[in-house]
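Subject: Structure handover

Hello,

Here is the structure for your pocket work. My notes follow below it.

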Amino acid sequence: MAGGEELKLLGWWAPGVSPYVLRAQMALAVKGLSYDYLPEDRWSTSDLLIASNPVYKKVPVLIHNGRPVCESLLILEYLDDAVGLAGNGKPILPADPYSRAVARFWAAYVNDKLFPSCTGILKTTKQEERAGKMEETLSGLRHLEAVMAECSEGEAEAPFFGGDAIGFLDIALGCYLPWFEAAGRLAGLGPIIDPARTPKLAAWAERFSVAEPIKALLPGVDKLEEYITTALYPKWNIAVTGN
Ligand SMILES: N[C@@H](CCC(=O)N[C@@H](CS)C(=O)NCC(=O)O)C(=O)O
């Protein structure tokens, strides 16, 4: 990339399906930064990944001028903080310290509570357990509906959590959108983000999915479903016909 800065992103072997890698890619695209994408091999962990993220050995890892930054949310923060990485200069985090803290709170909630509830739907075929995980997921989405309602309150109605532009929470949550859709379809539960239940969130999801530069990065849900059924169901001991 320009200015002698070198960015590499260590990514997942199947494109588009890792929400964490997608999150880093979304942030790089929003900031207009170019980078080399280095996918991991499906069957073996590369020496570069082991050296770059020796603690977790997970992707994404952003390597900036040879120095690794691990953990997708930290990569987002780093992209705002790193001197020399101007890109288009658009910040991801809000400028106001309180709004930053709130965005970080919800991003952590989405990571630690909401997404595990959603994958919980996929990790069981027992109806009762699945219904419990669905209820947990819906309860999480209701919280985010309230956050979106606050953003779209008053005269200056904002299209995104980040205001007029895509920001930290938009990317932190938006990288999971294909997963919500795939989970609803695979579990036969219909749309998980449903305009009838969470209208503001559903409208946000629609806007985010077609926004530039996000649109081109989102994987087709069919592709994600195939990945879940062929690569993850066997790991989770889920029979493909077990819906
Ligand atoms: N908390 C990490 C999670 C990253 C993660 O789970 N990455 C998966 C790909 S989706 C991975 O590298 N898995 C490799 C493994 O578990 O061996 C982040 O936000 O970056």
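Start with the second largest pocket: 28 residues line it, and P94, F160, F161, G162 and D170 lie nearest its centre. A pocket here is an open set of points on a 1 Å grid over the protein atoms alone, where a 1.4 Å probe fits, with protein on both sides within 12 Å along at least five of seven lines; lining residues have an atom within 4 Å of a point. Two or more lining residues come from each of α1, α4, α5 (127–151) and α6 (168–174). Helices are DSSP runs of H or I with at least four residues, strands are E runs of at least two, and both are numbered from the N terminus. The top contributor to this lining is α4, with five residues. By class, the lining holds 20 nonpolar, four polar and four charged residues. Nonpolar covers Ala, Val, Leu, Ile, Met, Phe, Trp, Tyr, Cys and Pro; charged covers Asp, Glu, Lys and Arg; the others, Gly among them, are polar. The volume of the second largest pocket is about 560 Å³. A volume is the space filled by probe spheres set on the grid points, which are joined across faces, edges and corners.

Some ground rules. This is a predicted model, so local features need pLDDT of at least 70 and side-chain atom pairs count only at pLDDT 80 or more, while totals for chains, interfaces and linings use all residues. Residues are numbered from 1 along each chain as its sequence is written, and side-chain values use heavy atoms, with hydrogens and water left out.

Now the largest pocket. At least two lining residues come from each of α1 (19–30), α4 (97–122) and α9 (221–236). The most come from α9, which gives four.

Next, the domains. Their bounds come from an automatic or database domain assignment. The C-alpha centres of domain 1 and domain 2 are 22 Å apart. Across the two, 19 residues of domain 1 are in contact with 22 residues of domain 2. Contact means heavy atoms within 4.5 Å. An unreviewed UniProt entry lists residues 5–87 as "domain: GST N-terminal". UniProt positions follow the numbering used here, names are shortened, and annotations may be inferred rather than shown by experiment. That span is 34% helix and 20% strand, and its end C-alpha atoms lie 11 Å apart.

How many residues of helix α7 (177–186) are buried? Eight of its ten. Buried means under 20% relative accessible area, exposed over 50%, and partly exposed in between (1.4 Å probe, protein chains only). The buried residues are L177, P178, W179, F180, A182, A183, G184 and L186. Their cover includes α1, α4, α5, α6, α8 (199–210) and α9. After α7 comes G188, with a positive phi near 65 degrees.

Last, V147. This residue sits in helix α5. V147 counts as buried because its relative accessible area is 12%. Beyond neighbours within four places in sequence, V147 is in contact with W106, F161 and L169. V147 and T229 are 82 residues apart in sequence and 33 Å apart in space, C-alpha to C-alpha.

Best wishes
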